[in-house]
Amino acid sequence: MKNDSTRKLTEGGMIAAFYVVLTVLSSLLGIANGPVQVRLSEALCILPALTPAAVPGLFVGCFLGNLVTGCPIADVIAGAFTTLLAAWLTRILSKKIPEKPVIWTLPPVLLNTVVVTVLLVTVYGYSVPWYLLAAGVFLGELISCTGLGLLLLKLLRKHI
């Protein structure tokens, strides 16, 4: 029993650390924030399909990643809880629809499209029409979560 708990804690911690590192890297590359975001860390949002430890790991990673890259506190909190909900839903979908990995990526793509668009308008003060902001966020999430996420899943399945 103890080994299982230790393993899950270690997995969650590693996922959180990878999320932070990839968010910082994305920020340094100038692709982590703004109307079109292609956060490399969002590829990790597929991991709840492989391990339950990814759910809290992604939550902590998003919270810390947003915090260390200088996001306003509203974004830090809203982003982390959006990621937590998306990770939980991804975990559920992966169990209910195991043969359709592309469906597993929908929670982070759709939830982030809504929440990040709202944050861009209310917290960051973007005056671009909301539907253009939403389209940009959706595209970035599709690239990160679906494109990179499914590639990551394929690579991990070869080695698990």
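This report covers the pocket, the cavity and an aromatic pair of a predicted model.

Local features require pLDDT of at least 70 and side-chain atom pairs pLDDT 80 or more, while totals for chains, interfaces and linings use all residues. Residues are numbered from 1 along each chain as its sequence is written, and side-chain values use heavy atoms, without hydrogens and water.

On a 1 Å grid over the protein atoms alone, a cavity is a set of points where a 1.4 Å probe fits but cannot get out; a pocket is an open set with protein on both sides within 12 Å along at least five of seven lines; lining residues have an atom within 4 Å of a point.

| Space | Volume | Lining by class |
|---|---|---|
| Largest pocket | about 350 Å³ | nine nonpolar, one polar, two charged |
| Largest cavity | about 180 Å³ | seven nonpolar, seven polar, four charged |

Helix α1 (residues 2-28) supplies five residues, the largest share of the pocket lining. The residues lining this pocket include R7, E11, F18, P52 and I160.

The whole structure has one cavity of 30 Å³ or more. Its lining comprises 18 residues, of which Q37, R39, N66, D75 and V116 are the closest to the centre. Two or more lining residues come from each of α2 (54-68), α3 (73-96) and α5 (106-122); α5 gives the most, four.

Two aromatic pairs occur in the structure. One of them joins W130 and Y131 edge-to-face, at 6.0 Å centre to centre and 85 degrees between the planes; ring centres must lie within 6.5 Å to pair, and planes over 60 degrees apart count as edge-to-face. W130 is exposed (over 50% relative accessible area), at 60%.

How values were computed. Phe/Tyr/Trp six-rings, centres within 6.5 Å; stacked < 30°, edge-to-face > 60°. Buried < 20%, exposed > 50% of the residue type's maximum accessible area, 1.4 Å probe, protein only. Points joined across faces, edges and corners; volume = space filled by probe spheres on them. Nonpolar A, V, L, I, M, F, W, Y, C, P; charged D, E, K, R; others polar.
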